[in-house]
Every structure is written in C-alpha cells, then in structure tokens.
Amino acid sequence: MPLRPEEALAWVDAAGGTVPQWRAWPAKVLVAPVRVALLRAEIARDVGALRREDRGELLYQAVRGTEIGSAPHAAALVEELSGSGDAVLEGEALRLARDGLHAGVLEPAFVRAVLTGLLDSRTDDVVIGALGELTEPWAALDPLPAERLTGLLAPATADAALAAAARHGHGELLRRAAEDRELQPRVRRRALGLLGETARRDDVPAVLALAAEDPLLLGGPAVDCLRAMHRRGHFITDSDIPAVLGLALADHAIPAPTVATILFTSRHELLRLLVDAAPDDPGWPRRLDLLVALDGQGAAGLAVAAEIARVLPLAPAPGPFLRALRALRAAEAEDAVLAALAKAPAVVLDALEAVGGDRTVRALAMGLGLGTPEPGEIAPELRAVRHRALELLWLLTTDPQLRQRILARLDPTELPARVAADLGSPNERELTVLASHLDPDKPVTALCRLAAHGGPGTLPVLADLLLRVVGDLAAAWETAGTAGPVPDREPAVAQEAVDALCGLGRRLHARGRIRPVCLLDAGDAEAAGHALVADLALGLLDRPGLAAGEQAVLLRLLLDLPHTSHGRVRSRVHRLLRHPDRHVRKHVVALLARDTTGDGVQALSAGLIALTGPTGDPQTVRQTLTALGQAGARWASGAIADCLDHPNMNVRKTAARALCTAGTPQAVPPLLHCLGRDDNPGLRTLVVKALRAVLGEAYAATMTAAAARVHVWEQGPAAARPDAAQALRHVPADVLAAHLEPRIAAGATGLLDLLADRPLLRTPALARLSERRPDARLILVDGPLRGRDAAEEDAAALRALRDRATVAPPRPPSRQELMLLVRSGDPKRIRRALAHLTEHAMGIPQSELADLLWVLTSSQVRDIVCCFFDLGTCLCMRLILNSLTSR
C-alpha cells in the first residue's frame, strides 16, 4: 500500500492501470488527482464501474481524462456512456465516439448508432453535437431516417437538425418545416433556403405559393431555394415569372442580380413585366435595379436601355431612370438623357459622363454660350451646374477651338482637376496624320507606335491594328496545325503590344479622360490599362465574321490580363460557351473560372455541367472541371464524379482534383470504385486526396468500413450477396486484402472468392496471401493493369507498326553525350544514360573515370545511382586496378 500520493500514482503506472482494492487506501493518499487516476484505470478495466460510481465531479474528471486509444474496451465504454442519461457523460460519449472514428478504433456503423441514440438526449448541446457529427460526409453515406429528425425542430436544435436533413437529402422534411406555422420564423426561413439542394422543377409552384403568403419573411429564402435549383438545371418557366417578380418587388433586400440570374431563361417575359407599369409607379426604382441586373447577364437582343429611355420623358422623377442609363452605359439613349436636362441638370450631367457623345458636345456648347466664337448667354438650366458642365464638355470634345473657348471661360487659378490634368494632351490632327503613315505589314510595330502617342480618337485605328495582329497569329496557328507539327503553345498577342495598350490606358487615366467609357470603372492607373485592353478585345469579339482562331486569341488575351471586370467579361463572352471550336470553349470556361466570387460559375452552372458530358472534347471537359472545382461547386459533385469514368486519363485526374474542393458524399462511391479499378499512380494519389478532403478525419474508418461489407456477403440474405460482392469489387485491393488477411490466415478460405480471378496490383499483403494459398486464383501483376479494350489497343498498335515506313536505326549516343545527360538531364534520361554506361563501363578511359565518379556522388543523381550498383562497383574496381598498375 503506498504511503504518499506520489507513490500511488507510480503504482498506477507500474501496474498498467490495474490497482485492486484501492478504495481501502488511507485518505491522505487518496487525494483528488489520485482518486481520478485510479477511477479512470478502473473504468478502463471494467466499464461497469460507471454504473457503480456516484455521479459527480470525480467521475466526470476521470472520464474526461480517458483517451479512446488507451481504452481496451472502447466500444463498450462509449456505449455505456451514451446510455447513461447524464449530460456530462453523454458529452464524453460523443467525444470518444468521434475520436474513435477518426483513429480507426471504432467502426462507422457503431459510431453512427451511438450518435443516433444520442439524439434522444435531454441535453440540447449533446443533441446539437450528435447532429453536427451526423452531418459530416462519412455519416451521410447511409442516409439517416427522416423520422429521427422530425422531433428535433425546437428552437435550440432546429438549425443543426435542418442542416442534417439537407445533408441526408430529406427534402420533404424541409418542405414541411417551411410550411409549419407553429415553428419559429427563423426556422421556417432556414428550412426553405435549404430546400433548394433537393427540390426539383415540379416543386417551384409550391415554393412560390408558400413565399407569397409572407414575402418579407419567406421571399429571400425562396429566391435562395430557386437559385440552388437553377444551378442544378431546374429552371423557372414563363408562368412562374409573375410570382418571382412579386417577391423581388416586395422585398428589396433580395439581391437584384440573383433574381436576374434565376429568371434569365425567361428574360423576354421578365422584361415585358418589368416595364409594364405606370410612369408614376413608386416601384420604379426597384424595377430599374432589376432591369440593370438583367442587362448585366449579357442578354443579347434585349432592348433594356430603349425601354428605360421610352419611359424617361413620362416619369415625374427622372433621377432613378438616369442613374440606370448611366449604369447601362447606353450610348443609344443619349437623346433621351439630353431631353431631361431641364428637369434634373445635375443627374443628367452624371449620366452624360457615361452616354454622352457628339450630340452632347453640341448641346452643352450651345447651352453654355460657346457654340460660336462670340461668347453667349448660359442657358438657365445650366447656370447652377456650369462648372460641372464646362468640365464635362472639355472631357468629351476634341475640337481645339472649342477647348480654347472653354479655357477662356474658366478661371485659370481654379481649374477643375480633370481639366488641369488633361492640359497639354496630343494634338488630334497630328495623331490623324500619324495613323495614316503606319506600315500595315508590321502591325505590332504600328500599334506600339500609335499607342505611345495616341488618345481616345485613335482607339478605332488601334482596334483594327489589334485585329490584324490577332488575325496573323490565328492564321499562322492554323497553318502550323495542317502543314506541320502543332506548336507547343497556343498563339498569344505579343507582350510589347499589350504593354503599349496598357500604357495608353494608364496615361488616359492620369489625364482624367472618360473615353473609352471603361475608364470610368477603373480605380487606379494599372486597372485602367487592363480595362482598355479588355474593352478593345471585347469590342473585337462582338464583331461579326471573326474566325474561331481569332476568337481564341482574343479570349487568351483576356485571360492574360490580371485585372478585369469579371461581371462585364462574363456577360459578353458566355454566349461562346456553345461555340463549335474547342479552343474557344476552353478559354471561355477559363474566364468564367477567374471569377473568385463564384458568381459566374453559379449563374452558368447548368451549361457548364452539360459540357462535362461524355461527348465533350477532353480539353473543354478538363477546363470545365477545373472551373467547377475552383468555384467549390458542390452541387455539381455528381457530374464531376461521373467524369472519373471518362476514357481520357487527364480528364479523370482533373475530375479527382476538382472533387478535392467540390466533392460531397455522393462522390465517395465513384471515388472508391476508381481507387479499386485504376492503377495510375497520379490518379490514385488525387483520388485519395479527394477522399480525404470529403471524408476528413473519418477517411481511414470509412475505407475500413467499405471493406467491412464482407459480413453482408457472408451472413446476409441470398438476395443481398450479389450486391455485396459487386460493392466489394470497388474496394481498393490493398484495403480489402489487409482486411481479409487475418481471417483467411485463420482458415476462412471462403473469403478468397472475393479476390479470385481479379487482376490486382501486387502489394505485400496480397503477395503473402498468394504464397500461403497457391490455389486461391489470385492474379497479381506489377502494373499497369490492362483495361477491357487492351486487345483493341494492341491491334491498333500493330497496324501502326506495319504501316510505318522503315527508318534507319538511331545512332547510339556518345560517351560525352551520356555524361552530359548524367550531369543535367531529367531523372528518366539519367536512368537511361546510367544503364547504357553500365553495359559499356569497361570501355571508359582512365581520364574520364574520376570525373564520372564525382558526378555519381552529386546530390542530383545519388539516389538514382543506387539502382545501378553494378556501375558503381565496376568503376571503383577500374580505379583500384589502374591505381595498382600505375604503382
């Protein structure tokens, strides 16, 4: 019996946790830390001690200090704690179950049963913790019955229960929760918002009818639901437009771009309904926000600006209309804006910054009394804003005489900032002469020269020169692809031309210029340079009759620009997603993926998912998968996982990489199937990475659980055996073999049928099984595994060899060339060079031996040369013999 607490703790450690009759020890020895340690050891030895011990801090501390890895009866301990009915012990059961799952000590099925039981706890924190763990991907592989979640919609646990319902695909439960008026409003909103991940097209009328009952409460979640359906390909029809528009008009907190996105498929009907209102309708500001958002979707053929300009003269408050036209950059509405000058001069001048042109210059010059050489009177409507009008007139005009009259009107000591910055700009007439003396046969040189001195007036010429450069590049690319080998890289506009155009944009921004209109959106000089190049490229893409190669080069130019407005680029290029040329499609998808907010990918998700189909070309499919992965498109997890069966290996690798960020439990079975079927090391690495990303810390337990389906194959009903056997064929060979080896070694030879007649990559476990049971019909190969179409590939290869012209055998490399490869080649070439040197080592002259040995000991090839011990031995013997001979 120990006499001091320190000795008692030492006894616990020395006895391995087993100390009988410890309760009879003296009180001075059984201090709190000692009692906790002894009780913890007793519980580890006998979980029944939990029922015998009084509930209190001593027991709680003992259980809190228990680690799942040190518990010999982990499953019994967790089961006992979970059934205790005590809040603290149930919380510890949750912790140990989670730790046991992550450590691989407890099977997922057991942990799932424990967590399901904890849903009946009277403690909200325990229920929330269990629901949180059941929401993890590993738990969603086998959906939880909806009945277990129905009674958990109380305010404290509702959020966790709804998240679990959405993860396990219980859309009906979410719909009932959203319709239940007895639940808290917050719970109903949450349920309706989550419904979009499982709802289908047929559910749209019910969703809209529910939201119409209380638009301010349920309008926003209903739109979120519809957006989730939209990105999954369940679109709204024309008959649903009035209801959705009613929600958007009732709740102004609903983002206008989201409404425009989900209604884009019925955009013509939406436009008709938005403009079908009286000019004095108080809802026009919201309608205008929706119209601007609709135009931002890139709807070709929609006369949004024309409809706004039609209502503008009739509107009693023109301000919102003018601000909308400015946002649209609608130059065709210039006359309508000028007509409103007398009503709202300040707002009109703001709008004219974006839409003004030659007619604005004439109107402002006359209104300011500058239309003739002799100064005139200022129009009444411009008197209060004359300084602002003079500045705008200066920025829009290129007439030197008019500019002189503007300067005469302005006070030289109080010049507007943008006027002062623009003083001393190049003479437009000189630039016109310069543009007429450029060499058309050297478009890059001509473009750089004109951009170095140009201004807004030279942009049309610069656009034509850029198109000439792009056309030459596209023509050269097409010629190279037909008349000779395809170049390694796709054509790109010369960097000097891009730099020259960016420099022009920076100078225009520094001078305060507002033309081209894209400069209005530039926050700094660098962004202005890139905005100018993007505007030129997008303008050329809008021109009819461009060849596919020219479009591809222009899209590549947009891709190479680091700072561009993703929204404006998306709205003007998404129409090319269906272009017949694969290079064009690939670049468009890459541009959409550049949107870090994911809005571009989400808005066009259904179209992108369609591009991943089996009929798509590998380049487009790979770029689309990359875009979906970068956007974290978990709603597309199923479509991405389908690409794991694509015939192109690079596509399969890209799909696995995309699932690392966009994977859901839906993708786990295809990933396991791919891991059990494919032998490509790179693909397997990516698949394992994707599985780890989806399953998190439960990866090891889930892999083991997949192999644990053996008990269904052994003991389940006869009808379930074929399905279990088929499922086990998808389990990776090494995992299944490691799971079966102990039982097979113990005599359960019937399990060998699960591995028989199946080409398997050789692993240590499989090799041991094959040695012990030669009759097991195990087919072990060192790789790579051959596919079902291997015979056809062999026949095609033989035909290619027969049809190939006979060529002279290649000249063997010289020793100097081999030495150079050993010094600077890649690992593959180094191996080949060393193999050749091994065969001819005895012919190496004495003068080269020392140099070669020095190279072999370098860090670059030291690891590789270990595979060629014969070469090292031979060279060392040569050096020794030569040294002895010289003596």
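The charged end of Arg 267 is placed over the ring of Phe 264, and Arg 403 lies over the face of Trp 394. A charge sits over a ring if NZ of Lys or CZ of Arg is within 6 Å of the ring centre and within 35 degrees of the ring normal.

| Charged residue | Ring | Distance to ring centre |
|---|---|---|
| Arg 267 | Phe 264 | 4.2 Å |
| Arg 403 | Trp 394 | 4.1 Å |

The model is predicted: local features need pLDDT of at least 70, side-chain atom pairs count only at pLDDT 80 or more, and totals for chains, interfaces and linings use all residues. Residues are numbered from 1 along each chain as its sequence is written, and side-chain values use heavy atoms, with hydrogens and water left out.

The ring centres of Trp 284 and Phe 321 are 5.2 Å apart and their planes stand at 50°, so the pair is tilted; rings of Phe, Tyr and Trp (its six-membered ring) pair if their centres lie within 6.5 Å, with planes under 30 degrees apart counted as stacked, over 60 as edge-to-face and the rest as tilted. Trp 284 belongs to helix H19 (residues 284-295) and Phe 321 to helix H21 (residues 319-328), 37 residues apart; helices (H or I, at least four residues) are DSSP runs, numbered from the N terminus. Trp 284 has 2% relative accessibility and therefore counts as buried, a term that means under 20% relative accessible area (1.4 Å probe, protein chains only). Phe 321 is likewise buried, at 2%.

Terms used. Helix = DSSP H or I, 4+ residues; strand = E, 2+ residues; numbered from the N terminus. Buried < 20%, exposed > 50% of the residue type's maximum accessible area, 1.4 Å probe, protein only.
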